[in-house]
Amino acid sequence: MLVVLNPQSNAGTAPRRWEPVEQLLRQRYPALTVELPADAEQATKLVRAHIDNHADRTPGPIVAAGGDGMVNLVLNAVMDPETDRPRRGAEEIALGAVGLGSSNDFHKPLRSESMIADVAVRVDADRAERVDVGKVSMLLPDGTRAVRYFLLNASMGLVAAGNDSFNHASGVVGWLKSRNVEAAIVATALANIATHTPLRVEIRGTDWEHRTPITNIAVIKSVHFAGGMYYDTPVTRADGHFDVNIWDAVGRARVLALIAGLYRGKFSTSTAAICHRDTAVELRPDRPAPLELDGEITVVESARLEVLPRVLKVCAA
């Protein structure tokens with residue numbers, strides 16, 4: 001088992017929170033290897049070297065220790081854009097995670113039996129299940145094209161702007177982030193709502209389209225996002241579909257009401273909610289816009305998102 005740990009996760013608290021988890025995991029998995037890469041590039045190289053060094057047999061699970069962004073990094077290191085499948089030698093590999101980040105939506109819903117020292121853990125490769133992966137083909141502002149993958153959700157609009165602000169938090173919000181994640185998320189949301197303007201984006205599904213301005217669009221494989229919020233739409237990790245949840249362009253008071261509902265898992269009954277289920281979605285904003293993938297931000301000219309059904313094994317909790 002290879003653990004790739006992000007030491008900067010959750011305002012730099014990850015190494016301290018990892019210590020009691022490591023003690024227990026080493027008892028269960030004596031061959032455990034832990035790497036603390038200096039940056040994303042080194043982390044990617046470590047994952048791919050682990051796969052290449054075990055080309056003659058299925059590698060043990062690769063565990064992303066950090067937040068949802070670390071899970072996303074390992075996912076993209078494992079996936080091969082030429083085949084839309086795990087890289088050669090990683091076809092049967094299981095992706096695991098240790099939730100040391102701010103949100104840890106990959107682990108939700110949390111179960112007490114999957115916690116070690118208040119840290120969520122998914123490392124059981126024997127009970128791994130195959131899940132869908134979201135693929136995003138992006139046109140970037142400089143004219144180049146890129147492919148990225150995600151496991152949880154993609155968004156454009158208010159939530160993407162909020163994630164970008166949260167990831168680069170400083171001042172009071174930065175201080176809150178290291179002490180009370182949910183309070184920091186709320187503070188970030190309020191600040192972004194105060195300055196947010198509706199986004200003009202052309203959205204096309206398989207047999208539907210949406211052309212009027214929006215507050216936000218979420219293309220999801222998991223209902224959980226941004227800490228304590230969650231949708232009430234029926235998507236599961238292996239159903240072969242996205243839920244496409246659009247927040248209509250409404251005033252700030254209704255946006256606040258919508259967010260308050262999301263903290264109670266209420267969305268689809270809101271008059272500001274527009275819900276679809278689909279296997280592919282195209283997003284064409286009228287100007288380059290941030291696209292959030294599992295908490296990580298890329299500015300895009302346009303993007304096509306599609307479901308890759310059951311292509312990746314994920315460890316059980």
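Is Ser155 buried or exposed? Ser155 counts as buried, at 3% relative accessibility, where buried means under 20% relative accessible area, exposed over 50% and partly exposed in between (1.4 Å probe, protein chains only). This is a predicted model: local features need pLDDT of at least 70, side-chain atom pairs count only at pLDDT 80 or more, and totals for chains, interfaces and linings use all residues. Residues are numbered from 1 along each chain as its sequence is written, and side-chain values use heavy atoms, with hydrogens and water left out.

**The chain as a whole**

- The protein chain has eight helices and 22 strands; helices (H or I, at least four residues) and strands (E, at least two) are DSSP runs, numbered from the N terminus.
- A compact globule of 317 residues would have a radius of gyration near 20 Å, and the protein chain has 19 Å, which agrees. That radius is taken over C-alpha atoms, and the globule rule is 2.2 Å times the number of residues to the power 0.38.
- Along its principal axes, the C-alpha trace of the protein chain spans about 55 × 40 × 35 Å.
- Buried residues account for 51% of the 317 residues in the protein chain.
- Take contacts (heavy atoms within 4.5 Å) between residues at least 6 apart in sequence: in the protein chain, 71% of them join residues at least 24 apart.
- About 14,000 Å² of accessible surface belongs to the protein chain, with 50% of it on carbon and sulfur atoms; accessible areas come from the Shrake-Rupley method with a 1.4 Å probe, and for residues only the protein chains shown count as cover.

**Back to Ser155**

- You'll find Ser155 in strand S11 (residues 153-157).
- Leaving out residues up to four places away in sequence, Ser155 touches Ala160, Asn216, Ile217, Ala218, Pro290, Leu291 and Glu292.
- Two of these neighbours also turn up in polar terms: the side chains of Ser155 and Glu292 are joined by a polar contact of 2.5 Å, and the Ser155 side chain reaches the backbone nitrogen of Ala160 at 3.5 Å. A polar contact is a pair of N or O atoms within 3.5 Å; within protein, one must be able to donate a hydrogen and the other to accept it, and residues adjacent in sequence count only if both atoms are side-chain atoms.

**Helix H3**

- The 13 residues of H3 (residues 40-52) should span 18 Å at 1.5 Å a residue, and the end C-alpha atoms are 18 Å apart, which agrees. The expected span is 1.5 Å times one less than the number of residues.
- Ala43, Val47, His50 and Ile51 are the buried residues of H3. Seen down the axis of H3, they fall within an arc of 105°, so they line one face of the helix; the arc is that of the directions from the helix axis to the C-beta atoms.
- Those buried residues of H3 pack against strand S1 (2-5), strand S3 (62-66) and helix H4 (68-78).
- Glu41 and Lys45, on the other side of H3, are exposed.
- At the start of H3, a side-chain oxygen of Asp39 comes to within 3.3 Å of the backbone nitrogen of Glu41.

- The peptide bond from Lys108 to Pro109 is cis, with omega near 0°, and Pro109 sits in the loop between strand S6 (94-99) and strand S7 (115-116).
- Asn104 lies in the loop between S6 and S7. Its phi is near 60°, a positive value in a residue other than glycine, and Asn104 is buried, with a relative accessible area of 12%.
- Asp84, in the loop between strand S4 (79-80) and strand S5 (85-86), has a positive phi of about 55° although it is not a glycine. At 14% relative accessibility, Asp84 counts as buried.
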